[in-house]
Amino acid sequence: MMLHRVFSGDLPRNRLLTVMLLAIAVALAFAPFVFPGAKALNVAAKICIFIVLVASFDLLLGYTGIVSFAHTMFFGIGTYGVSIALARMGPSWPAVAAGAGGALALSLALSLLIGLFSLRVKAIFYAMITLAVASAFQTLASQLSEITGGEDGLNFKVPEMLTPGFSLSEQPFLGVSPDGKLISYYLVFAATVALFLVMLRIVNSPFGRVLQAIRENAFRAEALGYRTVVYRTASNVLSAGFATLAGALLALWLRYNGPDTSLSFEIMIDILLMVVIGGMGTMYGAVVGAALFIVAQNYLQDLMRIASDAVEGVPLLPDLVHPDRWLLWLGILFILSVYRFPAGIVGKLRAMK
Amino acid sequence: MSAVAVAPALPDALPAVKLDRLPLLLVPALALIALPFMGSFSTWVTLTVAGIAMGMIIFIIASGLTLVFGLMDVLNFGHGVFIALGAYLAISVLGLMGGWTASENLLLNLLALLPAMLVAIAVAGAVGFAFERVIIRPVYGQHLKQILITMGGMIVGEELIKVIWGPQTIPLPLPAAFRGSLLLGEAAVEKYRLIAVVIGLAVFAAMFWVLSRTKAGLLIRAGVQDREMVESLGYRIRRLFVGVFVAGSSLAGLGGVMWGLYQQNVTPQMGAQVNVLIFIVIIIGGLGSVGGCFIGALLVGLLANYTGFLAPKVALFSNILLMVVVLLWRPQGIYPVANR
Amino acid sequence: MSAPLLRLEGVHTHIDAYHILHGVDLEVAQGELTVLLGRNGAGKTTTLRTVMGLWQATQGRVLFEGEDIARSHTPQIAHRGIAYVPENMGIFGDLTVRENMILAARGARRAEDIDAGRLEWIFNLFPAIKRFWQHPAGLLSGGQKQMLAVARAIVEPRKLLLVDEPSKGLAPAIIQNMIAAFRELKQTDTTILLVEQNFNFARQLGDRVAVMDDGRIVHTGTMAELAADEELQQRLLGLSLAAHQ
């Protein structure tokens, strides 16, 4: 069946899950028309980008069993690559290509290096080392201010077709004016769909199955003749590559980039939360996790503000439900997920029959 | 009883007990290498004392973490939360003792610092106990889940700190008598740094004594090498582990007090920030080795201060570079623990 | 005929996905030295580790003094009076010989707390222990480490000793020492379950013998019977005695 091939044979396998995924997909596909306003479109675009970012992290964590805290580094390489190229070379498509291409090359090289080094040391070392490396990279980005714009970041122009000023026609299309923002959004959306399907294909290929075998029992995989070194490194590289592309998309969308846009540790934690709550090793978990998390991040806080005002006079309680403390509750949910729902929402749904 | 015939194959002499002395030279070596770059001897003295002080504080914080890993193979990515907790408690307690900290009298200042340290130790230890029971115990043996869940613990901890004390950076001024510097010849050495060195050495000495002279210490050293055998000898190593975890958390709390005073301010993120540093230190030292942790901490402290003076932009990389160099020399760290 | 001190009934043990013990039935009589023979991979070490609680039996009972200890934790099992000398000896290399012995003597906090008479006896059995008392145990030779491992197991009286291949990798002269030491041990009415691949070593010490293959006991009997029956030895162990003199 055509559907089977598009999704590489990895269907949701659960009615409720299918409904959820369809809802998310439809909402994202028609976001500009269904949800008016700049904020809503921003949320939608961010969900798309994070779907790619978290899915690429799931490839590494969920399918290969490697914990790496350097993921935001590759994300940042993508955003900085495109940002710097557009800032230096002016707003043109060749600049975008050069930026993205250069970023990919750097990511591939770095991930190769880290991947090869990691195989000398145990998993725990690896996690700690990636933490240190990502931290250093963030410092580097804010210090090389001539190139990266330092703490202030870079503002730059994107190719004309993507700018808000550009419009395809004077007539609004279904209530929305077909301007550069709309085009940008559909560029991001299309790229997201394409990249996600590619990753789905990768994890369902023989390569992906070997990764899972290695995750389960590396010794046995090695004994069966698979060179775990090669597969782990390949997974590292692929994961980094997709993260970089996600970064490139972010740069095109935001038209701004700074060290906190993509490199901050908070983002790394967000990714972790999304992949665990959504469901590790499922790919669809990234979709569910990203959608849930980013919607909560933007709209839950309003709910919390209402709650916080409601309990005004009570000691400590207003601080606990203060909208700025939403991470506290996500953190608790995260801990509970690791215990109780190690397979996340997707896994839980699939297990229910 | 019959005498057992001694077979001629038994060697009469063992090779001389050779303490692995080489790594001990690393710290003075680094200090000496840095000397020509400093410009003046007094600058070198100031920076070296600062580096050693910083190293001592880092050691206090990291020693618990390395023992916890060495003993039970548990990776606590949330160790930073105890540091932050200690620092914030210091603010609260020292705030209450305003009169004594404002005084120029050294003794009064020390007496004010003491309750801050004791409170930090006690509370951090109690939180550590809860942390071990709620967060860590359910995921023994599962490294992946440990990393994730302890990270989650740190996030929650950080947020709770923000709930109690607020999200902003709070200054933590030194008590009056600790401020300023002493002049050793031409070198200006900050008083607080000297105090930190003294406290650090005291902690190191106490740890050394416990590990080598008490049965509990014996059990810890044995358990780090071969946990199963310790259990087979009849010891409930679980209880030992809880004890070590609580001790490690308490030490982190104490270290937090000192780190907060060293930086003279505290932020809720300070735990996460110091996390990276202590991971580098325990990797350099060898997971499970207190001696290695001590040397690693001093090296990191010295390097941070030397590079901070010479080339501030390189500071964070210098630590990573140091780690890479050490791992290339000894892939398991300076003092790898036997039998792992 | 006294009741067996240790009895395994239908014990199955799995390690991850591997089914190692397929229903082991074994009896170890009080005061005797029982040898567990078998080729590599037969499940001998697994049996010892299961008794010691280091691996959990998935099925069956492990009865020590009549009580089922199959679900007990290792420290509890040790407290019942069972001592374990593992194949890798379990020596704490960074600790001194003295510290190793203090640890093994559960009640002791210092060397002085160890029963002096007993210690003297151990020094006589294994002079190396006395000679290298203050040295890090990691510096001892293989044979000396093996002696230390056994010494640790007997520093206090124990009801049952589980010993895994004490002769492995030792020079013949040291093996003679080991045999003499075990002979003395037997005189103290300690029950011993000894795993061995070296039949020559085993036959000098064993009272009873059990042979394992593929996770099951395939033969039990007295050592005297087995030692006298070359054809049985050949069949069970695939060896001829002449080759192992």
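Predicted model: local features only at pLDDT ≥ 70, side-chain atom pairs only at ≥ 80, totals over all residues.
Trainee: Which residues touch the most other members in the largest nonpolar core?
Mentor: Among the 306 residues of that core, they are Ile51(A), Val54(A), Ala290(A), Ile58(B), Val281(B) and Leu162(C). A nonpolar core is a set of buried Ala, Val, Leu, Ile, Met, Phe, Trp, Tyr and Cys residues joined through C-beta atoms within 7 Å. A residue is buried if 20 or more other C-beta atoms lie within 10 Å of its own, exposed if 12 or fewer, and partly exposed in between, with C-beta atoms placed from the backbone.

Trainee: Which element gives this core its largest share?
Mentor: Helix 2 (residues 41-72) of chain B, with 19 residues. Helices (H or I, at least four residues) and strands (E, at least two) are DSSP runs, numbered from the N terminus.

Trainee: What scores does the complex get?
Mentor: The predictor gives an ipTM of 0.90 and a pTM of 0.83. Chain C averages a pLDDT of 88, but residues 240-245 of chain C stay under 50.

Trainee: Which chains have the most contacts between them?
Mentor: Chains B and C, among the two pairs that touch. Two residues are in contact if their C-beta atoms, placed from the backbone, lie within 7 Å. No contact joins chain A and chain C, and their closest C-alpha atoms lie 11 Å apart.

Trainee: How many residues do chains B and A give to their contact?
Mentor: Chain B gives 29 residues and chain A gives 32. On the side of chain B, helix 6 supplies the largest share, 15 residues.

Trainee: And helix 10 of chain B, is it enclosed or open?
Mentor: Of its 27 residues, 20 are buried, so helix 10 of chain B is largely enclosed by the rest of the structure. Just after this helix, Gln264(B) takes a positive phi of about 65 degrees.

Trainee: Where does Ile15(C) lie?
Mentor: It is in strand 1 (residues 4-15) of chain C. Ile15(C) counts as partly exposed because it has 13 C-beta neighbours inside 10 Å. Beyond four places in sequence, Ile15(C) is in contact with Ile20(C) and Trp55(C).

Note on methods. Residues numbered from 1 in each chain as written. Chains lettered and ligands numbered in written order. pLDDT = per-residue confidence, 0-100.
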